[in-house]
Amino acid sequence: MLWRLSSALWFCAPFMVLLVLWAVFIPYFDVNPRLFPHLSSVVQAGIEGVEDGTLIRHIGASLLRVAVGTVLALLIAVPLGVAMGVSPIISSFLTPLFRFFSVLAGIAWIPIATLWFGYGFGAITFVIFNAVFFIVTYNTLLGVSTIPLQVRNAAASLGAGRWAMLTEVLLPGALPNIVTGIRTGLGFAWRGLIAAEMIATNVGLGYMLFVARDFYRTEVIVLGMIVIGVLWLLLDRLVLAPIERATIERWGMVQRA
Amino acid sequence: MKDLTIRNLSKTYFDPYAGTNVTAVHDVSLKVEQGEFVCIVGPSGCGKTTILNMIAGFIPYTGGEILVGGRPVKGPGPDRGVVFQSFALFPWRTVLENVAFGPKMRGVRKVEREQIAHEYLALAKLTEAAGRYPAELSGGMQQRVGVVRALANEPDVLLMDEPFASVDAQTRMTLQEELTRIWQEKRPTVIFITHDVAEAVFLANRVVALSKGRVLDDIAVDLPRPRSWDALNDDARFKELSNRVLQLVRSA
Amino acid sequence: MKQFLLKMWSHCVRLAARWPSIASIAPFIPVVAAWWIVTELQIFPRVFLPGPVEVVRSFGSLVYTGILPAYLQDSIVRLAVGAFWGVALGIPLGILVGLNKRARTALWPLLLFFQAIGDIAWLPILVIWFGYGLTTITVVIVYTVIFPVVLNTVLGVRSIPITLHRAAQSLGASRIRMLWEVVLPGALPNIVTGLRNGLGYGWRALIATEIIVGTSGIGFLMFDARRSGSVVEILLGMIILGILWYIVDSWILAPIERATGQRWGLVTR
């Protein structure tokens with residue numbers, strides 16, 4: 001417990017140093033606030049944003065889009081990936097196709113998404129859906145097709161039926177890959193979200209940043225960047241990375257950054 | 001080749017889980033003559049690997065002294081060659097390049113160091129494998145490379161940390177016989193760590209039994225050389241010595 | 001009939017074995033065919049979803065006018081420059097952070113945080129600082145490439161077994177030589193993976209940047225087409241992006257990754 005607390009403190013220490021440097025050096029060198037804001041004005045902007053509810057609204061809109069896009073993508077991608085991965089012929093045939101589309105993931109869909117769905121919720125959710133869908137399908141397919149045949153044979157000879165094979169062997173076996181896919185896909189989706197919001201909407205964190213630029217309100221831009229960073233860090237480190245670690249590392253597979 | 005002297009060596013470290021100081025090695029003294037083959041035997045956790053790591057200079061010691069040819073040990077160095085249980089070959093270098101690594105560090109020219117490496121590879125019958133990568137070899141072959149790599153650097157003392165523990169029984173016996181042959185040819189000073197009593201008696205001039213960080217006894221092995229398992233399996237003297245060491249280790 | 005089909009099948013298998021690239025092209029044939037049929041049947045309005053023929057035609061005309069080659073070159077040069085600096089800065093930083101405990105406590109949390117901010121969120125403030133130009137684009141790409149390279153280098157350096165350090169030390173390697181002989185090759189498979197990930201992110205960042213602040217490049221081409229409502233050119237841009245990255249990834253990066261990792265037995269994939 002004590003150890004965890006001290007490691008958390010060590011994690012925060014560099015940020016404290018950075019904040020102090022910011023608070024001291026920006027006023028000291030008299031940097032133009034149109035180039036880089038003072039720490040106090042960023043805090044001010046944060047408080048104002050919370051009080052008048054605009055910041056909360058932007059965050060809420062961004063998170064909602066990510067949530068809807070991701071959940072929709074997962075609901076379709078995982079079953080599809082498993083179904084395709086079961087047959088080695090189908091999976092080896094479709095692998096290049098899904099690699100191709102997972103390369104296009106996210107941002108490249110923005111122009112056509114805005115054309116098909118107009119500016120707003122639909123286009124952005126579509127971009128996120130795409131970012132997550134192809135990568136997760138590809139990874140699920142990969143995960144299922146790399147389960148050793150021996151393991152599948154073992155399960156079958158132990159009396160596993162079709163359903164048991166799916167829930168006891170195929171899904172758990174592909175889970176590390178699925179989780180890795182979700183983490184990678186969400187990484188692309190999050191960036192895609194910010195980019196899409198800069199172009200195609202009138203609410204959300206990306207929009208907040210982009211509008212602030214028009215008025216040289218650097219304190220809002222920096223605030224937005226910090227919020228984006230913190231949100232992703234929380235999501236990635238507190239939700240995705242632990243899940244990935246729980247599956248990959250405990251089952252003796254490789255770890256990654 | 002030089003001699004090795006260990007005087008009142010001890011190692012104490014702080015265990016953060018228990019919250020106390022733990023003594024892993026307790027007042028160990030040992031003298032290894034030039035060209036001698038000494039085996040240190042003991043159960044796991046008796047501190048034998050710790051001793052070897054201190055001689056190699058990988059971890060600091062907290063008391064006593066270690067002298068190689070009269071000079072105290074300060075950190076790792078090419079005067080003490082090490083053979084690791086996990087082989088520790090460089091996976092990105094071919095067998096030849098692995099063996100030539102030590103001479104390369106000494107600044108030996110490419111042609112010469114490859115000649116040295118070929119010579120030593122021939123000694124362990126590895127000439128065929130020179131161009132392969134470690135991952136492409138079997139465990140037994142990899143450890144042959146490990147032994148030869150340490151020898152090719154012509155160290156004063158050769159330190160071997162359970163080198164044959166992770167190969168299969170058949171291969172182990174072959175490797176042991178080869179090691180005695182190579183030792184007779186090159187006569188390095190060797191300290192060999194193992195938990196296998198028969199292995200220790202088979203290889204050594206002298207077996208040091210260790211338990212809980214202390215030396216129990218020091219037994220001279222007067223078996224004739226060259227040694228082979230075919231000859232020694234039914235040898236009465238070999239059995240007698242093995243039993244003596246075994247009883248020592250088990251009684252502690 | 002069955003005999004005939006089996007014979008065809010075995011021909012296909014042999015063909016694919018001789019030219020592996022055929023196997024990766026084959027699955028696209030039915031997709032393109034379906035796309036063609038859907039557009040021919042006019043299920044969606046032509047303006048929304050043009051067919052393959054139109055896309056090929058617009059490819060021809062864009063190549064002929066020289067716009068496409070010029071834009072493509074712009075995009076690739078930008079990516080190459082960004083990747084170069086990302087690697088040149090990322091590897092040393094990663095080795096420092098991987099080897100030095102103090103550097104790690106000080107920098108690791110910051111690295112995670114600044115990676116989390118993400119390239120594109122920097123765009124607005126970079127535009128204020130550097131304007132709409134090459135500097136902004138380069139900074140964004142370097143920023144994108146550098147984090148995966150650094151984080152994976154750190155992971156690679158840390159994953160080198162301690163016995164390899166010890167082996168090199170006891171064979172007489174100095175500290176400087178250890179870097180070259182042990183640390184760098186030991187971390188190389190991870191560094192390549194990092195570069196591969198980094199370029200994947202960098203590629204997307206480039207497109208986003210070109211869409212938002214660009215005046216040339218494939219991303220700009222697509223967004224310019226969006227403004228004039230020309231779906232053909234958007235689709236063309238997407239296809240070019242996909243093919244280009246597919247080539248870079250599977251013909252250049254993946255082989256390097258395999259060549260370093262597999263023969264050394266460090267990567268099993």
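1. A crossing of two helices counts as left-handed if the near helix is turned anticlockwise from the far one by less than a right angle, and as right-handed if it is turned clockwise; by that convention, helix 7 of chain C passes helix 8 of chain C in a right-handed crossing. Helices, here and below, are DSSP runs of H or I with at least four residues, and strands are runs of E with at least two, numbered from the N terminus.

2. This is a predicted model, in which local features need pLDDT of at least 70 and side-chain atom pairs count only at pLDDT 80 or more, while totals for chains, interfaces and linings use all residues. Residues are numbered from 1 along each chain as its sequence is written, chains are lettered from A and ligands numbered from 1 in the order in which they are written, and side-chain values use heavy atoms, with hydrogens and water left out.

3. On the assembly, contact means heavy atoms within 4.5 Å. Two pairs of chains are in contact, and of these chains A and C share the most contacts. Chain A and chain B are joined by no contact, and their closest C-alpha atoms lie 11 Å apart.

4. Chain A has ten helices and zero strands, and its C-alpha atoms fill a box of roughly 75 × 55 × 30 Å along the principal axes. Helix 3 (residues 54-86) and helix 8 (residues 162-200) of chain A cross at roughly 145°, their axes coming within 9 Å, where axes are lines fitted to C-alpha atoms over the stretch in contact and angles run from 0 to 180 degrees between N-to-C directions. The crossing of helix 3 of chain A with helix 8 of chain A is right-handed.

5. In that contact, the residues of helix 3 of chain A include Leu63(A), Val66(A), Leu74(A) and Val78(A), and those of helix 8 of chain A include Leu170(A), Ile178(A), Trp190(A) and Glu197(A). By class, the contact has 14 nonpolar, two polar and two charged residues, with Ala, Val, Leu, Ile, Met, Phe, Trp, Tyr, Cys and Pro taken as nonpolar, Asp, Glu, Lys and Arg as charged, and the others, Gly among them, as polar.

6. In chain C, helix 7 (residues 123-130) and helix 8 (residues 134-159) pack at about 140° with axes 9 Å apart, and are therefore oblique to each other; angles under 35 degrees count as roughly parallel, over 145 as roughly antiparallel, 65 to 115 as roughly perpendicular and the rest as oblique. Leu123(C), Leu126(C), Val127(C) and Phe130(C) of helix 7 meet Thr135(C), Thr136(C), Val139(C) and Val140(C) of helix 8, a set of six nonpolar, two polar and no charged residues.

7. Helix 8 of chain C also packs with helix 10 (residues 175-213) of chain C, at an angle of about 155° and with axes 7 Å apart, which makes the two helices roughly antiparallel. Their crossing is right-handed, and the residues of their contact divide into 15 nonpolar, twelve polar and no charged.

8. Helix 5 (residues 67-99) of chain C has 33 residues and reaches 48 Å from its first C-alpha to its last, close to the 48 Å expected, the expected span being 1.5 Å times one less than the number of residues.

9. A cis peptide bond, with omega about -5°, joins Arg225(B) and Pro226(B), and Pro226(B) lies in the loop between strand 10 (214-220) and helix 8 (229-232) of chain B. Tyr216(A), a residue other than glycine, has a positive phi near 55° and sits in the loop between helix 9 (205-214) and helix 10 (218-248) of chain A.
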